[in-house]
Amino acid sequence: MNSRTILINIFRWIALLFVQIFLLRNMAFYNLSTPFIYVLFILVLPFHIPNLLLYVIAFITGLTLDTFYDTLGVHTSACIALAFVRILFISVSLNREAIDEPEPSLGNMGFRWFSLYAVLCIFVHHVVLFFLEAFKFTSLTYTLGRTLLSVVFTLFTVLLVEFIFHNRKSA
Amino acid sequence: MRNLWIFLSRYNAFFFFIIFFTVGIILTIRNNVYQRSVTFSSTNEIVGTAYKRLNVVKRYLNLVQVNDSLAAENAALKTQLLAINAIDSTQVTKVKDTINHQQYTLISAKVFKNSVTLTNNMITINKGIKDGIMKDMAVISPGKGVVGFVQNVSENFATIRPLLNQETAISVVLKKDNAFGSLVWGDDNFDYRKAYVKEIPNHYKVKVGDTIITSGSGGFPRGIEVGRVTNTSVSTGDSFMTLEVTLFNNFSTLQFVYVVKDKFAEEVKSLQTEVKNEQ
């Protein structure tokens with residue numbers, strides 16, 4: 001991991017959290033569908049990052065989000081779950097030794113792999129997030145509906161951002 | 001030990017996940033008012049449910065004493081209430097006769113046997129001559145509503161001829177304009193929630209929803225709310241109206257009744273028989 005990767009990731013962290021906190025926080029469709037673009041940061045962290053470091057980064061990211069959302073612990077737990085799914089999915093779908101790409105982005109891994117990866121990670125993240133927020137199973141259909149609609153919205157924004165970056169890189 | 005270490009490091013992702021996720025959940029519960037309240041209240045609910053189960057048994061064992069004390073208390077309170085209502089303001093007396101103001105006293109009694117499905121229903125209660133109950137005393141139900149009259153009395157028990165009996169007629173008035181009528185049951189109507197008010201002259205304007213109260217004669221204190229008019233167009237063919245009334249009290253769940261002891265009942269009765277004899 002060279003210093004360029006670290007710088008790029010720090011820049012990405014700041015940019016994504018800035019967009020999330022100051023723009024997307026105020027955005028929701030009928031209070032049902034909310035995009036959480038910041039998960040993209042954890043999604044595209046380098047492949048060879050140690051597990052502990054990944055968890056620590058996810059923890060700090062979630063904690064930062066929580067301080068701005070005033071929901072201390074909710075985003076943190078969701079990010080930890082996201083990190084766990086990321087590790088599982090990568091270890092199941094890819095041979096870790098044979099990976100020659102630096103990070104699991106859309107441009108590097110192709111649309112099919114990346115979209116499946118993003119859908120799974122975002123889904124788990126949102127399930128944890130919304131159920132911790134509701135903290136009960138009585139309004140199950142409402143919470144599930146919110147989760148699924150938000151997954152669609154988040155996935156859309158994530159793919160959009162990835163396409164823009166991808167094109168810029170290749171250009 | 002080495003194997004354990006290998007095991008831990010192989011599945012480190014999972015163990016890290018457990019540790020960090022637990023920290024996240026703890027943070028959530030400790031720092032968010034709503035989530036904390038839900039957690040504590042659901043744990044409290046488990047403890048509370050256990051205690052509640054226990055309490056149900058305890059309360060059931062004490063039920064007899066509680067019921068008796070409540071019934072006695074109600075009787076005392078109702079007696080006081082009637083004393084306030086029964087003060088005769090037209091009577092001008094120099095001597096303040098506080099005893100005479102108390103025209104009605106109530107005796108609480110428990111219903112032993114009750115029926116609502118027969119043509120002529122009867123109620124048996126657990127108070128009798130020993131408790132001061134006499135024939136033809138009026139009986140009212142707790143809350144709102146009338147029950148009937150005492151039919152027969154023995155040493156410890158009494159039977160009541162309730163409204164749900166073709167023999168029973170109770171003198172009632174319309175609350176808003178004092179039109180007299182008599183409350184009866186029977187005649188094709190065997191619904192214990194309904195009764196009829198008969199003999200109200202046709203010129204009175206009665207609307208659905210008007211309240212029917214007792215008239216004050218026949219042993220009942222005046223002003224006991226009996227029921228609400230639900231149908232004014234019951235045709236009978238004579239020059240009187242018949243109103244369908246939905247009763248306030250439910251005869252099928254009657255557990256306690258109050259027997260009304262009228263201080264002047266004997267006096268009124270002897271006076272009326274005297275008039276009859278002279279005729």
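**Confidence, then architecture**

Analyst: Starting with confidence: chain B has a mean pLDDT of 82, and 92% of its residues score at least 70. Keep in mind that this is a predicted model.

User: Which elements of chain B have the lowest and the highest confidence?

Analyst: H3(B) is lowest, with a mean of 77. Strand E9 of chain B, residues 211–214, is highest at 91.

User: Where in chain B does pLDDT stay under 50?

Analyst: Over residues 91–97 of chain B. The model has zero contacts beyond four places in sequence for that stretch. Where pLDDT is low, predicted coordinates should not be read in detail.

User: And the scores for the complex?

Analyst: The predictor gives an ipTM of 0.82 and a pTM of 0.49.

User: OK, chain A. How many helices and strands?

Analyst: Seven helices and zero strands. From the N terminus the order is α-α-α-α-α-α-α. Chain A has 171 residues, and 34% of them count as buried.

User: What does the model show over residues 72–92 and 113–132 of chain A?

Analyst: Residues 72–92 of chain A are 90% helix and 0% strand, with the end C-alpha atoms 32 Å apart. Residues 113–132 of chain A are 100% helix and 0% strand, and their end C-alpha atoms lie 29 Å apart.

User: What does UniProt say for chain B?

Analyst: The unreviewed entry places a "transmembrane region" at residues 12–29 of chain B. In the model that span is 100% helix and 0% strand. Its end C-alpha atoms lie 26 Å apart.

User: Switching to packing. Which residues touch the most other members of the largest nonpolar core?

Analyst: B:Val139, B:Ile140, B:Val150, B:Val226, B:Val259 and B:Val260, in a core of 49 residues. Strand E4 of chain B, residues 146–153, supplies the largest share of this core, five residues. Apart from it lies another core of 43 residues, including A:Leu16, A:Leu54, A:Phe84 and A:Cys121.

User: Tell me about B:Ile140. Why does it count as buried?

Analyst: Because B:Ile140 has 24 C-beta neighbours inside 10 Å, and 20 or more is enough to count as buried. B:Ile140 is in strand E3 of chain B, residues 138–140.

User: What is B:Ile140 in contact with, beyond four places in sequence?

Analyst: B:Gly145, B:Val146, B:Val147, B:Phe220, B:Ile224, B:Tyr258 and B:Val260. B:Pro221 is 81 residues from B:Ile140 in sequence and 9.6 Å away in space, C-alpha to C-alpha.

User: And B:Val139?

Analyst: With neighbours within four places left out, the contacts of B:Val139 include B:Phe149, B:Val150, B:Ile160, B:Val257 and B:Val259.

Methods: Residues are numbered from 1 along each chain as its sequence is written. Chains are lettered from A and ligands numbered from 1 in the order in which they are written. This is a predicted model: local features need pLDDT of at least 70, side-chain atom pairs count only at pLDDT 80 or more; totals for chains, interfaces and linings use all residues. Helices (H or I, at least four residues) and strands (E, at least two) are DSSP runs, numbered from the N terminus. A residue is buried if 20 or more other C-beta atoms lie within 10 Å of its own, exposed if 12 or fewer, and partly exposed in between; C-beta atoms are placed from the backbone. A nonpolar core is a set of buried Ala, Val, Leu, Ile, Met, Phe, Trp, Tyr and Cys residues joined through C-beta atoms within 7 Å. Two residues are in contact if their C-beta atoms, placed from the backbone, lie within 7 Å. pLDDT is the predictor's confidence in each residue, from 0 to 100. UniProt positions are given in the numbering used here, feature names are shortened, and annotations may be inferred rather than shown by experiment.
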